[in-house]
Amino acid sequence: MANWYTSREKFKVAANISGAQWNDTIERVIEASSRDVDRWTRRHFIPKTQTRLYRYPQPRAGVAGVLWLDQDLLSISTLQTQAQNSSPTTISSSDYFLEPNNPEPDGNTRYNRIEIDLSSTAAFEGGDTPQRSISVAGSWGWSNATKSSGAIDDSGGISASDTTLIVSDASKIDVGDTLLIDSEQIFVSDRSFAARGSILLDEGSDLAGTNATVTVTIDGSHGIVAGEVIRIDSEQMYVVSVSTNDLTVIRAWDGSVLASHSNNAAIHVNRTLTIERGVNGTTAASHSDDASITKYSPDSDVSRWCMAEAIASYHQEHAGWGVVVGTGGGASALDGRDLSQLRQSMVNYYRKMREGVI
């Protein structure tokens with residue numbers, strides 16, 4: 001499932017792990033931990049576009065004009081009754097209310113039931129069978145909050161079948177992010193470097209292969225921003241800050257090898273994303289160059305919790321699911337008490353939110 005609650009890059013920084021050889025393992029534990037979060041809280045934190053079917057009348061519902069939902073509902077596109085009939089009845093949006101119509105403590109509004117407007121003539125009906133009688137098509141999930149994340153920077157834009165995407169700002173997008181472009185959700189499954197027009201400024205000297213050399217001066221207009229990763233030859237460098245054409249960098253980033261570089265060596269930037277199209281029930285479509293990109297932003301406590309679970313799983317795997325990580329003087333005991341307390345706190349909170357207690 002293409003919904004992660006933290007990213008590969010954030011994991012590697014938090015766990016102090018470098019090198020591409022660990023990427024597959026890291027991605028696997030993030031995916032598993034994200035699904036654990038879904039199961040434990042009984043909800044999901046990135047919205048899905050889908051149709052859910054409900055029996056009517058509902059067992060023990062109590063009120064005929066009320067449909068109780070089993071997932072968080074954010075919005076409805078189509079509501080139908082007698083959905084199993086050959087000609088279902090569509091209920092107009094003016095004939096029902098989404099409830100509760102009040103912001104939650106986190107500022108979001110999500111719904112747990114649909115109520116027929118009693119001043120209307122609309123009604124829920126069972127049709128030929130009470131099974132799957134009510135069809136609710138819409139957006140489901142905890143929140144649809146997104147953050148601005150640059151734009152497409154891909155000459156001619158992308159078609160509905162493209163599986164790579166070049167973006168304008170790689171500092172805002174990580175592997176594991178779910179992007180929203182127009183109405184399509186796109187999952188970022190990997191990234192790679194591509195040469196830009198910029199080159200090392202020719203000042204008659206090369207870039208020394210020392211950790212003390214942290215200023216990279218490049219030619220002309222470049223558009224590189226702090227937080228991006230560049231590559232010169234085979235050495236990767238993390239851009240800490242930018243002052244016109246001078247980049248302050250951390251050398252030998254992500255396990256790459258420190259090296260010297262000649263004048264006019266090409267600058268590569270990790271803005272080329274490998275993507276999965278039309279995820280979470282959306283439809284792959286063409287998008288123009290310069291189209292705005294936003295990314296879904298799960299609650300910060302959910303991201304923190306997923307990170308903690310993923311790091312713990314990673315170290316447990318490397319300890320053979322034992323109680324000690326490392327050997328000799330570098331060995332340390334795995335103590336899961338803090339994680340267990342965090343997990344219990346999060347489960348209690350989000351399940352209570354599901355039950356309407358908080």
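Begin by selecting Glu 9 and Arg 191, whose side chains meet in a salt bridge (2.7 Å, N to O); the term denotes a side-chain nitrogen of Lys or Arg within 4 Å of a carboxyl oxygen of Asp or Glu. This pair links distant parts of the chain, 182 residues apart: Glu 9 lies in helix 1 (residues 8–15) and Arg 191 in strand 10 (residues 184–199). Helices (H or I, at least four residues) and strands (E, at least two) are DSSP runs, numbered from the N terminus.

The model is predicted: local features need pLDDT of at least 70, side-chain atom pairs count only at pLDDT 80 or more, and totals for chains, interfaces and linings use all residues. Residues are numbered from 1 along each chain as its sequence is written, and side-chain values use heavy atoms, with hydrogens and water left out.

Colour the pair by accessibility. Glu 9 is partly exposed at 22% relative accessibility, whereas Arg 191 is buried at 14%. Buried means under 20% relative accessible area, exposed over 50%, and partly exposed in between (1.4 Å probe, protein chains only).

Next, select Arg 28 and Glu 317, which form a salt bridge (2.7 Å, N to O). Here Arg 28 in helix 2 (residues 23–41) is joined to Glu 317 in helix 3 (residues 300–318), 289 residues apart. Arg 28 is partly exposed at 42%, and Glu 317 is partly exposed at 29%.

Then move to Arg 196 and Asp 153, a salt bridge at 3.5 Å, N to O. Arg 196 belongs to strand 10, while Asp 153 sits in the loop between strand 7 (146–151) and strand 8 (164–166).

Finally, select Glu 9, Lys 10, Asp 174 and Arg 191 together: salt bridges that share partners join them into one network. The whole structure contains 19 salt bridges.
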